[in-house]
Amino acid sequence: MIFGRSERGKPPVEPVTLKILVAGGFGVGKTTLVGAVSEIRPLRTEELLTEAGRPVDDTSGVEGKRTTTVAMDFGRITLREDLVLYLFGTPGQERFWFMWDELSEGALGAVVLADTRRLEDCFAAVDYFERRSIPFLVGVNCFEGADRYPAEAIRQALDLDSDVPLLLCDARDRESVKEILIGVVQHAMAFQADRRETVTT
């Protein structure tokens, strides 16, 4: 780049920036997902779990978890030269849900991470986005040692509408996470196009 212009004489591309939420239950892998794919050092607001929080922080199924997100995770990924995603990981515990309304402001769409060992923990996130007509995709984080279920069985258990995408993923793997993010952007764009068509007809 020379004085803000590329060497081929083309003006620099001003990328479109989109906001994507990453939601789900406590310990489902939201912080891991943002960290796996972010091209900047992720902003994390984690605190140690304490004895005082034991009555309200259900760690069954994630007994090894030592920290929890108390505000948000933030990361960024450039999918193409002209497309940048800002990722906002929401806190998973019920006592921090009051922050979701603020975090969801201006979001194009959301990823709801699910863990088949604690599937009920993502019901609140699914319900939240459905009620607010925010397009979302469900990413089933395939933890080591967790039972594997067919995608259709998980879809039925979550009572998802047929147009909500559901994908299996590994929140630790950059390429797996990129597939999830591309999926939610495509779904959100189609969702917005359908809404515009409905309004004009």
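I worked on a predicted model, in which local features need pLDDT of at least 70, side-chain atom pairs count only at pLDDT 80 or more, and totals for chains, interfaces and linings use all residues. Residues are numbered from 1 along each chain as its sequence is written, and side-chain values use heavy atoms, with hydrogens and water left out.

Entry 1, helix H3. I took helices (H or I, at least four residues) and strands (E, at least two) as DSSP runs, numbered from the N terminus. In H3 (residues 123-131) I found Ala-125, Val-126, Tyr-128 and Phe-129 buried (under 20% relative accessible area, 1.4 Å probe, protein chains only). Seen down the axis of H3, the buried residues fall within an arc of 160° (directions from the axis to the C-beta atoms), so they line one face of the helix. They pack against strand E1 (16-24), helix H2 (100-104), strand E5 (109-114) and strand E6 (136-141). Ser-133, which follows H3, has a positive phi near 55°.

I defined a nonpolar core as buried Ala, Val, Leu, Ile, Met, Phe, Trp, Tyr and Cys residues joined through side-chain atoms within 4.5 Å. The largest has 25 residues, and those touching the most other members are Val-112, Phe-129, Phe-136, Val-138, Leu-158 and Leu-160. H3 gives the largest share of this core, 4 residues. Apart from it lies another core, of 23 residues, including Val-22 and Cys-169.

Definitions and conventions: Buried means under 20% relative accessible area, exposed over 50%, partly exposed in between (1.4 Å probe, protein chains only). Contact means heavy atoms within 4.5 Å.
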